[in-house]
Amino acid sequence: MTLEHTIENSKINLTAPTLAKSESKLNFWIFFVFIALGEFFCFRYAFIHTVQNTYPAAFDQTSYLSFFYVVYENVKQQGFISGILNSPPLATGIFFPIQAILYFSVFGASRFSAMLINFTYFMILQLCCIKLISTLSNKKYFAYLFLAILFLMNVPSFRVGGILDMRMDFIAFCVYGIFLCSVIKSSYFLNRKWTFITVLAAGLLILLRTLTLVYVVGLSVSLFAYLLIKKWSLQRNKQSCQQINNRLVNLIIFCFFIGLITLPFIWLNRVTLYNYYVIGHILGSEKYIRAAQEGITNMLSACWFYPRMLLFKQIGISVLSICLFFSVIYSYFYITTRKINLSDSEDYAKWGIGFFYILFSILIPLAALTSDINKSPVVASIMVIPFIWLVFWYWLYVDSKLQLSKQIIRILNVSAIILLALGIINQVNQYHHGLSKNQKKDLAVISTMYLDIGNYVVSKQWENTPIAFDQIRDYLTSNGIVIIYYETNGKLLNINTEKLGGSIFAIDKQGAINSLNNSKVLVVNLNGYPDKSFFPFDQSIESLRPTILQYANQHFNKLGDYPFMDSVYRVYVKAN
């Protein structure tokens, strides 16, 4: 054989793996784009048939959406920077409205553009998870399984806190998972380049939801302590100590830049944050109302609330069953067929830090949320991705010890593909779960009521419109009227709720009269209040009902009656 033939054969041998790798990457991107396009069409279908032209369900997103539209109008009039600076900041998530304005600037100011933010983060989360799992193992069934679990979990389909609800919780669920993926990719701060990427992910997370600073700081302190203890126990192992030193340095760099990015914003909004978290969640009495609303009656129910929400509400029985089934299978394989290919110290260095960090990424949010008497089911979603990663970390650890036959690998591949198919079917069903005829009828009447109120306000050329309600319901809010009218007519109204209907706390007769005097619009339920309410306002208003109706008939004009939600609501308006 000639030298030329030898060189040519060498080139072929060298380029073949490269071509195979390139082809594998191309196949991955084709697969992901195909999945993403399918999800987008289902997402848009669900938005059009369940969200578009309806009032924003649940209280939080009405506040956020109306705030976004106000800021966007300021940006249109004053320019991006001036408009942002001259708008009130959202201290609980400083970057939250800014990203909405960016989307509005590109896609137009609409609720779909706002919801598209949720969809974008969910796609990024999926990409990060399956890319990372593919780098940790060359077995394809792990990536299929992870994607299947993301599709089978309950979080995206929730009416409150799901992908079609514009609030911080779903975005925090995604970005916290992205942050965890970046930490794992950095080999838990061993890689300097990925440490800086982790800084960006954590900084974004905190600026989108300020509370997560507690989680990031808690994780950093816990990891720092873990590494110091580990260094002391391995002081004779120079190589391990050097790795620990590198991690400690990178962790300090991480904390420094996180402080540099986030602390100035937190300091500037310290008063608002104090009022929201300290007064609202610690010193105020609202926390007891929220706890009663969620059925919290004692310490045991308080401690079990978030684990219950995480496991059975957010993750769901189907995903838990899959996790349990494969964990039992892998445990059986580990006991019967494992191979020993690493020393105990190497094993601990490689896997132990992962178990520690992922576990604490669940425990620290769990401890912080449980310590708060004010309970909310949706915030438990932030622990979902760490829980899934903890399960997969165990599977990956066991898999590294196994020598599975080709037949077993083939069975696992088929099983993962079947589960992925079931996950896709589940996503399609959730997105195509439409509204009933009665729901559509009720929502149409509510929208009509909102538009009638808005048209009357415009006809009177009121610059400021105080409004009162005789119930606390998510479909009886001033922000809901502002949103529907802006989305329908492109005009931003200034409507604000008086104390009557604007607070969950009880109101007395004089307070109700004062609110009625100030109000230009009043909405009352002519059928009374048949359902039980945890809100002191609703409990106090029944005795004031004759006074409110008498005042309304004397000082207001009737705009119209609107039957929905098994009641008839009457809208009263003042003539001037």
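View 1. Neighbours within four places in sequence aside, Gln126 touches Phe32, Ile35, Glu39, Leu147, Leu150 and Phe151, a contact being heavy atoms within 4.5 Å. Gln126 belongs to helix 5; helices (H or I, at least four residues) and strands (E, at least two) are DSSP runs, numbered from the N terminus. With a relative accessible area of 0%, Gln126 is buried. Buried means under 20% relative accessible area, exposed over 50%, and partly exposed in between (1.4 Å probe, protein chains only). The model is predicted: local features need pLDDT of at least 70 and side-chain atom pairs count only at pLDDT 80 or more, while totals for chains, interfaces and linings use all residues. Residues are numbered from 1 along each chain as its sequence is written, and side-chain values use heavy atoms, with hydrogens and water left out.

**View 2. The protein as a whole.** The secondary structure comprises 23 helices and five strands. The C-alpha trace spans about 105 × 50 × 50 Å along its principal axes. Of the 576 residues, 51% are buried. Among contacts with a separation of 6 or more, 80% join residues 24 or more positions apart. The accessible surface amounts to about 27,400 Å², and carbon and sulfur atoms contribute 62% of that area. Accessible areas come from the Shrake-Rupley method with a 1.4 Å probe; for residues, only the protein chains shown count as cover.

**View 3. Helix 19 and its surroundings.** Helix 19 covers residues 478–489, twelve in number, and reaches 16 Å from its first C-alpha to its last, close to the 16 Å expected at 1.5 Å a residue. The expected span is 1.5 Å times one less than the number of residues. Its buried residues are Ser478, Gly480, Ile481, Val482, Ile483, Ile484, Tyr485 and Tyr486. These buried residues pack against helix 2 (59–78), helix 5 (111–136), helix 18 (437–460), strand 1 (465–469) and strand 2 (495–497). Just after helix 19, Gly490 adopts a positive phi of about 75°.

View 4. Glu73 and Lys76 form a salt bridge through their side chains, at 3.4 Å from N to O. A salt bridge is a side-chain nitrogen of Lys or Arg within 4 Å of a carboxyl oxygen of Asp or Glu; by this rule the count is ten. Because Glu73 and Lys76 are three residues apart in helix 2, about one helical turn separates them. Glu73 counts as buried at 13% relative accessibility, whereas Lys76 is exposed at 53%.

**View 5. Further salt bridges.** The closest N and O atoms of the salt bridge between Asp538 and Arg473 are 3.0 Å apart. This pair links distant parts of the chain, 65 residues apart: Asp538 is in helix 22 (residues 536–541) and Arg473 in the loop between strand 1 and helix 19. Both Asp538 and Arg473 are buried. Arg570 and Asp561 also meet in a salt bridge, at 2.6 Å from N to O. Asp561 is partly exposed, with a relative accessibility of 30%. A network of salt bridges links Asp60, Asp165 and Arg167.

**View 6. A nonpolar patch on the surface.** Trp29, Val33, Leu37 and Phe41 make up this patch, with about 410 Å² of accessible area together. Patches consist of residues with over 30% relative accessible area and no salt bridge: like charges are joined within 9 Å, and nonpolar side chains (Val, Leu, Ile, Met, Phe, Trp, Tyr) within 5 Å. Phe41 lies in helix 1 (residues 3–50). Its relative accessible area is 55%, so Phe41 is exposed.
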